[in-house]
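Please work through the exercises below with the sequence and the model open side by side. Each task is followed by a solution that goes step by step.

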Amino acid sequence: MKKTLLVAATALAISGAAMAEPVKVGMITTLSGGGAGLGVDVRDGFMLAVKQAGNPDLEVVIEDDARKPDLAVQLADKMIQSEKVDILTGIIWSNLAMAVVPSAVAQGKFYISPNAGPSQLAGRGCHQDYFNVAWQNDNLHEVMGAHATGEGYSKPFILAPNYPAGKDALTGFKRFYEGELAGELYTQLGQTDYAGEIAQIRASGADSLFFFLPGGMGISFMKQFAASGIDLPVMGPAFSFDQGILGAVGEAALGVKNGSQWSKDIDNETNRAFVESFEAEYGRLPSLYASQGFDTANLILSAMSTADIADRDAFRAALKAADFKSTRGDFSFGNNHHPIQDIYVREVVMEGDVLTNRIVSVGLEDHQDAYAGDCGM
C-alpha cells in the first residue's frame with residue numbers, strides 16, 4: 001500500500017535558491033513478509049527526521065517491496081516514470097539494491113541507501129549519483145574478523161545466506177581474520193530450519209562461531225543453536241543482534257559480541273536526542289536500521305538547505321559534503337560515496353528487563369571500505 005506524506009512545516013531554514021524546487025523522495029522498503037521489521041525501522045527513523053525538520057518542500061512516497069526483487073523493480077519504474085521522484089531510497093536487501101540502483105541512477109535519479117551496501121556498487125560499479133549512508137556490506141563483518149583474531153580464536157565456523165550481502169559478509173570477516181576456519185557455509189535466503197548446519201558446526205571442532213543471518217533468519221538460527229547445547233563464543237554483525245531482533249531471540253543472545261557503526265550509547269547530543277525522541281514517538285528503542293533511516297533523511301534535508309534539486313551538480317556536491325549532525329558523531333563520505341567511520345564491537349547485555357547492546361571497544365577507527373580504490377570517482 002502506498003502512502004504519500006506531504007510534510008507541513010516550520011523548523012528548517014532554507015535558502016531562497018533551495019526553495020525553488022520541492023524534492024520528492026520515493027522510499028521502497030520491506031514492510032511485509034520476512035524482514036519487515038528492518039524496513040519498518042528504516043521508514044520510522046526516516047519519517048521521524050522529516051517530522052522534526054518540518055520542511056514543506058519535502059514529499060515522501062512510500063511503497064512495500066515485500067522483499068521481492070521483481071516488485072522492487074516495478075515500484076522503482078513507477079516512481080521514476082509516474083511519480084516523478086527526484087531521489088530513491090529505502091531498500092534493505094542487497095539483491096534488491098542490485099536490481100534497482102543501477103537502472104535508477106542511469107535514469108538520472110539520485111539513490112541514497114539507508115542500508116544495503118553491496119560491494120559491486122562500492123568499487124567499479126560506483127556512481128556519482130549513488131550514496132550509501134549506512135556502510136559497505138563488508139564493514140560490520142570485518143570488525144568481527146579483527147575481533148576474532150584479537151581474542152585468539154583459531155578455528156571459527158562462519159556462515160551466511162547465499163546472496164550478495166552474505167557473500168560480502170564472509171569475505172569481510174576473512175579479510176581481517178588471520179587464522180584458519182573450522183568451516184564455511186552458505187544457507188538459503190529466507191531459511192528457517194538450521195538443523196543440518198548446526199550438526200556441521202558441532203562436528204567441525206570449531207572454537208567459535210560467526211554468523212550473519214538478518215531478520216527472522218537470525219532469530220530462528222540463534223534459538224535453534226541455543227537449544228542444541230553447543231557451547232561456543234558467538235559473534236556476528238549488528239544485523240543479527242540489533243534491538244528489533246533481541247526481544248525475539250531472548251536470553252540466548254546474552255554475551256554475544258557484534259559489530260556495528262551505531263549504538264544507542266554513542267555519547268553525543270544528536271544520538272541522545274534521537275534515542276529519546278524515537279522511543280517517545282514509537283514506543284520502542286531504536287535499532288541500527290532506524291538510526292540509518294534518520295541519518296539518511298537528515299542528509300537529504302541538509303542538501304536541500306544549500307542547493308536546488310534542479311541543479312544536479314550543486315545538489316550532488318551538497319550530498320557529498322554531508323553537512324548534517326549524524327547519530328554517529330563524525331561522518332564523512334569517501335571517494336566512492338560510502339562512509340568513513342568508526343566501527344564498534346558491542347556486547348548484548350541486560351539493562352533492567354530489556355536486552356540491548358553496549359559498546360565494548362572501537363574495533364576499526366575511521367574505517368574505509370576495501371573497494372574504494374576500485375572506484376573511478
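**Exercise 1: a strand and its neighbours**

Strand E7 and strand E8 (residues 183-187) run parallel and are joined by 5 bridges. Before going on, note that this is a predicted model, in which local features need pLDDT of at least 70 and side-chain atom pairs count only at pLDDT 80 or more, while totals for chains, interfaces and linings use all residues. Residues are numbered from 1 along each chain as its sequence is written, and side-chain values use heavy atoms, with hydrogens and water left out.

Solution. Begin with the terms: helices (H or I, at least four residues) and strands (E, at least two) are DSSP runs numbered from the N terminus, and two strands pair if DSSP finds at least two bridges between them. By that rule E7 also pairs with strand E9 (residues 208-211), to which 4 bridges join it in a parallel run. Next, take Leu159 as a reference point: its bridge partner in E8 is Leu185, and in E9 it stands opposite Phe211. Then follow E9 onward to E10, with which it pairs in the parallel sense over 2 bridges; here Phe210 stands opposite Met235 in E10.

Task: Are the residues of E7 buried or exposed, and which way do they point?

Solution. Buried means under 20% relative accessible area, exposed over 50%, and partly exposed in between, with a 1.4 Å probe and protein chains only. Strand E7 (residues 156-161) is mostly covered, since 6 of its 6 residues are buried. Pro156, Ile158 and Ala160 point one way, whereas Phe157, Leu159 and Pro161 point the other way. Strand E10 (residues 234-237) can be read likewise: Val234 and Gly236 point one way, Met235 and Pro237 the other, and all are buried.

**Exercise 2: positive phi angles**

Task: Where does Lys84 lie, and is Lys84 buried or exposed?

Solution. Start from the background that most residues other than glycine have a negative phi. Lys84, although not a glycine, has a positive phi of about 60°. Lys84 is placed in the loop between helix H2 (69-83) and strand E4 (87-89), and with a relative accessible area of 56% it is exposed. For a second case, turn to Ala322, which is not a glycine either and has a positive phi of about 50°. Ala322 sits in the loop between helix H12 (312-321) and strand E12 (332-333), but at 6% relative accessibility Ala322 counts as buried.

**Exercise 3: enclosed and open spaces**

Solution. On a 1 Å grid over the protein atoms alone, a cavity is a set of points where a 1.4 Å probe fits but cannot get out, and a pocket is an open set with protein on both sides within 12 Å along at least five of seven lines; lining residues have an atom within 4 Å of a point. Grid points are joined across faces, edges and corners, and a volume is the space filled by probe spheres set on the points.

1. Of the 14 residues that line the largest cavity, Ile92, Asn115, Trp135, Tyr163 and Phe212 are the closest to its centre.
2. For residue classes, Ala, Val, Leu, Ile, Met, Phe, Trp, Tyr, Cys and Pro count as nonpolar, Asp, Glu, Lys and Arg as charged, and the others, Gly among them, as polar.
3. Domain bounds come from an automatic or database domain assignment. Because domain 1 (23-135 + 266-333) and domain 2 (138-260 + 344-373) both give residues to the lining of the largest cavity, this cavity lies between them.

Task: What classes of residue line the second largest cavity?

Solution. The second largest cavity holds about 50 Å³ of space, and its lining residues include Asp242, Lys264 and Arg346. By class, this lining has 2 nonpolar, 5 polar and 3 charged residues.

Task: Which helices each supply at least two residues of the lining of the second largest pocket?

Solution. The second largest pocket contains about 190 Å³ of space. Of its 15 lining residues, Gly37, Leu38, Asp41, Gly244 and Ile245 lie nearest its centre. The helices in question are H1 (36-53), H8 (216-228) and H9 (243-249).
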